[in-house]
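This report describes the fold of a single chain and the geometry of its helices. Please consult the sequence and the structure shown below while reading.

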Amino acid sequence: MRIKNYIIENYIILIFWVIVTFVMWLQIIPQTESLIEATLYPVLAMLSVFPFVKYLSETLLQRAMKQKTTVVFILQFLGISIITGIIFTLYQYFFTFLEKEGVFPLSIYFNMDDLPNFYILIFLSSGILINLCICGLRFFRKIQS
């Protein structure tokens, strides 16, 4: 019953998670030769960042709104965005490793050999955008109620 109530209360946010996962999946499919790999990467990445983003948007955002501590929340937001970016980066390297070990065929998407060092900033920006969208949706829902 508890899960059902959570889904009913947060259906918009759950729809957002499904859309983000689906879009990531669509971006990976043409660049890999393995449908399993193209499916595993976004699903594992989203499931891994979900608890951090949920904690940020449900607990920390609500606390910041009640206590009016914007600066603290911004620092927490940036910290969790960095964690999210690191998770994406680690999965990228993990799937690169799996390809080099022959678990999946080599692909363009997971080829980390020719990437510049600042490539982690792309994953960091993904974390910021995901957190921004989820926190924005939660903020909007809180204002409406």
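The model is predicted, with local features requiring pLDDT of at least 70 and side-chain atom pairs counted only at pLDDT 80 or more, whereas totals for chains, interfaces and linings use all residues. Residues are numbered from 1 along each chain as its sequence is written, and side-chain values use heavy atoms, with hydrogens and water left out.

The predictor's confidence in each residue, pLDDT, runs from 0 to 100. Its mean over the chain is 89, and 96% of the residues reach 70 or more. Confidence is lowest in helix α1 (residues 2-9), with a mean of 72, and highest in α3, with 95. Where pLDDT is low, the predicted coordinates should not be read in detail.

The chain contains five helices and zero strands; these are DSSP runs numbered from the N terminus (helices: H or I, at least four residues; strands: E, at least two). The C-alpha trace spans about 50 × 35 × 20 Å along its principal axes.

Two helices can be set against their expected span, defined as 1.5 Å times one less than the number of residues.

| Helix | Residues | Number of residues | Expected span | End-to-end C-alpha distance |
|---|---|---|---|---|
| α4 | 70-100 | 31 residues | 45 Å | 45 Å |

Helix α3 bends by about 35° at F50, and the proline P51 follows within four residues; the bend is the angle between axes fitted to the seven residues ending there and the seven starting there. After α3 comes K68, with a positive phi near 55°. Just after α4, G102 likewise has a positive phi, of about 90°.

Helix α2 (residues 11-28) packs against α3 at an angle of about 145°, their axes lying 9 Å apart. Here axes are lines fitted to C-alpha atoms, for helices over the stretch in contact, and angles run from 0 to 180 degrees between N-to-C directions. The contact (heavy atoms within 4.5 Å) involves residues including W17, W25 and I28 of α2 and L35, Y41 and F50 of α3.
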